[in-house]
Amino acid sequence: MNEILSLQNISYTYTPEELEKRKAVDNISFTVNDGEWIAIVGHNGSGKSTLAKLMNGLIFPESGEVRILGESLNEENLWAIRSQMGMVFQNPDNQFVGATVQDDVAFALENNGVPFEDMIKRVHESLAQVKMDEFLDREPHHLSGGQKQRVAIAGALALKPKILILDEATSMLDPQGRHEVLSTVRRLREETHLTVLSITHDLEEALLADRILVMNEGRKYTEGTPTEVFARGDELVQLGLDLPFTMKMSQLLRAQGVEVKGNHMSEEELVNDLWTSNFNK
C-alpha cells in the first residue's frame with residue numbers, strides 16, 4: 001500500500017506554561033496508507049485536535065516531520081499540499097460563506113482559480129456525490145445539521161482532494177444527522193477510494209475505520225483495528241472514553257446471565273449471537 005501521510009516523532013507545545021505540565025503532542029508517529037480510514041480518538045485535551053492542525057499545516061511541529069503525498073510539509077509547499085486535503089470541522093454554521101448551497105461549494109474553487117465552466121461542473125458533481133444536488137439554490141441556514149455537513153463535505157470534494165479530514169464533524173449532530181454524514185463518507189470511500197482521517201470522541205464512528213489510534217495526554221496510547229482496540233474495553237473506560245453501544249449491551253446482558261459470546265462490533269453481530277446462543281437451541 002502507498003503511504004499518503006505520515007507523522008514521525010512529532011511534538012508540539014502551545015505555551016511555555018504548558019510545557020511545565022506536558023506537551024500537547026509528545027513524540028507521535030504513525031502512517032496512513034492510500035485509501036485507508038483512520039480514526040483518532042481520545043478524551044478532551046488528549047491531543048487529537050492538535051494532530052489535525054499539524055496535519056493541515058495550521059501549526060508546525062517543534063520537532064519531528066509531517067510528510068504528505070511524499071513531501072515534507074513546510075511553509076513553502078503548504079498551500080500546494082493543503083489543496084490536496086479536504087477539511088470538515090465541528091460546527092457547520094462556521095463554514096458557510098455563500099448565500100446559497102452552490103455558492104458555498106463554489107467558494108473554495110473560486111479562491112483556487114478554477115475556470116468557471118469547470119467550477120460549475122465540479123459543484124454539481126460534488127453535491128450529487130453527497131445527494132444534495134436538489135438543494136442548489138437553498139439557503140444554508142435552512143438546512144438540517146446533517147445536510148449542512150454534507151454540503152461541507154461537498155465543498156471539500158469539489159477540490160478533488162486525496163485526503164478527507166473530519167475534525168469532530170459529527171459531534172454537534174443529532175443521531176439522524178450523524179447517520180447521514182457517516183453513511184455519506186462510507187459510500188464515498190467505497191466509490192472513490194478516498195483516504196479518510198476521522199478525529200472524534202465518538203467510538204461508534206471509530207468502528208467504521210480500518211485502524212484506530214487512541215490518544216491520551218498528548219501521547220499515542222495504543223493503535224490497531226477496531227477489534228484489537230476495543231478488546232481493551234476497561235482500559236478505554238479508565239481513559240475517559242465510552243464504549244460502543246453493542247459492547248455495553250453485551251456486558252449488561254452477560255451480567256444478567258444471558259449467554260453472549262465475546263464483544264460485538266455491530267448490532268447485527270450481537271443479534272445473530274443472541275439468536276444462535278439463546279433462541280435457536
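This is a predicted model: local features need pLDDT of at least 70, side-chain atom pairs count only at pLDDT 80 or more; totals for chains, interfaces and linings use all residues.

Student: Which radius of gyration does the chain have, and what would a compact globule have?
Tutor: A compact globule with 281 residues would have a radius of gyration near 19 Å. The chain agrees with this, because its own value is 20 Å.

Student: Where does Gly42 lie, and is Gly42 buried or exposed?
Tutor: Gly42 is in a loop, with strand 3 (37-41) on one side and helix 2 (48-55) on the other. Buried means under 20% relative accessible area. Gly42 has 0% relative accessibility, so Gly42 counts as buried.

Student: Which residues is Gly42 in contact with, leaving aside its neighbours within four places in sequence?
Tutor: A contact needs heavy atoms within 4.5 Å. With those neighbours left aside, the residues that Gly42 touches are Lys48, Thr200, His201, Met215 and Leu241.

Student: What distance separates the C-alpha atoms of Gly42 and Val105?
Tutor: Along the chain, Gly42 and Val105 are 63 residues apart. Val105 is one of the buried residues of helix 4 (residues 101-111). The separation between the two C-alpha atoms is 31 Å.

Student: Which helices do the buried residues of helix 4 pack against?
Tutor: The buried residues of helix 4 are Val101, Asp104, Val105, Ala106 and Leu109. Just after helix 4 comes Gly113, with a positive phi of about 70°. The packing partners of those buried residues are helix 5 (116-129) and helix 6 (145-157).

Student: Is Thr184 buried or exposed?
Tutor: Thr184 belongs to helix 7 (residues 175-192). The relative accessible area of Thr184 is 5%, so Thr184 is buried.

Student: Which backbone oxygen lies 2.8 Å from a polar atom of the side chain of Thr184?
Tutor: Leaving aside neighbours within four places in sequence, Thr184 is in contact with Val130 and Arg150. The backbone oxygen at 2.8 Å from a polar side-chain atom of Thr184 belongs to Glu180.

Student: How far apart do the centres of the positive and negative side chains lie?
Tutor: The chain has 27 positive side chains and 44 negative ones. The centres of these two sets are separated by 3 Å.

Conventions. Residues are numbered from 1 along each chain as its sequence is written. Side-chain values use heavy atoms; hydrogens and water are left out. The radius of gyration is taken over C-alpha atoms; the globule rule is 2.2 Å times the number of residues to the power 0.38. Lys and Arg count as positive and Asp and Glu as negative; His and the chain ends are not counted. The place of a charge is taken as NZ of Lys, CZ of Arg, CG of Asp or CD of Glu. Helices (H or I, at least four residues) and strands (E, at least two) are DSSP runs, numbered from the N terminus. Buried means under 20% relative accessible area, exposed over 50%, partly exposed in between (1.4 Å probe, protein chains only). A polar contact is a pair of N or O atoms within 3.5 Å; within protein, one must be able to donate a hydrogen and the other to accept it, and residues adjacent in sequence count only if both atoms are side-chain atoms.
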